Amino acid sequence: FIALGLWTLVPDSETEDIAAEGRWNCFLATVIAFFLAEMGDKTQLATVALGARHQAVLAVMIGSTLGLLLANVPVVYAGKAFAARLPLRALRAGAALLFIALGVGALLSA
């Protein structure tokens, strides 16, 4: 957590480069990020359980995909709308402090 907090203080130059290079690079970066972020979470476990119980793989796949889209599409558009208004420096500093505080808390409780 402490290392992640310190890393959060570094500006995102690679993300800006991906968006500037074209939509396909941004698309691939998003696919990879979502794949890594979603591995082993409750949504995947629920999808596995539903697929195993109902034996309707296509219906479960379509349902989980539509559910993910319904949850994320509004957030993407809201992010686009608020991106220019958000104080990124303050958000980066706040996130860094939160991660460092979690790391220190974890060290002290061990």
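Author: The largest share of the lining of the second largest pocket, 7 residues, is supplied by α5. This is a predicted model, in which local features need pLDDT of at least 70 and side-chain atom pairs count only at pLDDT 80 or more, while totals for chains, interfaces and linings use all residues. Residues are numbered from 1 along each chain as its sequence is written, and side-chain values use heavy atoms, without hydrogens and water.

Reader: Which helices each supply at least two residues of that lining?

Author: They are α3 (23–38) and α5 (57–82); a helix here is a DSSP run of H or I with at least four residues, numbered from the N terminus.

Reader: How do the residues of this lining divide into nonpolar, polar and charged?

Author: There are 7 nonpolar, 3 polar and no charged residues. Ala, Val, Leu, Ile, Met, Phe, Trp, Tyr, Cys and Pro count as nonpolar, Asp, Glu, Lys and Arg as charged, and the others, Gly among them, as polar.

Reader: Why is the pair of Phe 1 and Phe 99 called stacked?

Author: Rings pair if their centres lie within 6.5 Å, and planes under 30 degrees apart count as stacked, over 60 as edge-to-face and the rest as tilted. The centres of Phe 1 and Phe 99 are 6.3 Å apart and the planes stand at 20 degrees, so the pair is stacked.

Reader: What makes Phe 1 count as exposed?

Author: Its relative accessibility is 56%, and exposed means over 50%, buried under 20% and partly exposed in between (1.4 Å probe, protein chains only). Phe 99, at 25%, is therefore partly exposed.

Methods
Phe/Tyr/Trp six-rings, centres within 6.5 Å; stacked < 30°, edge-to-face > 60°.
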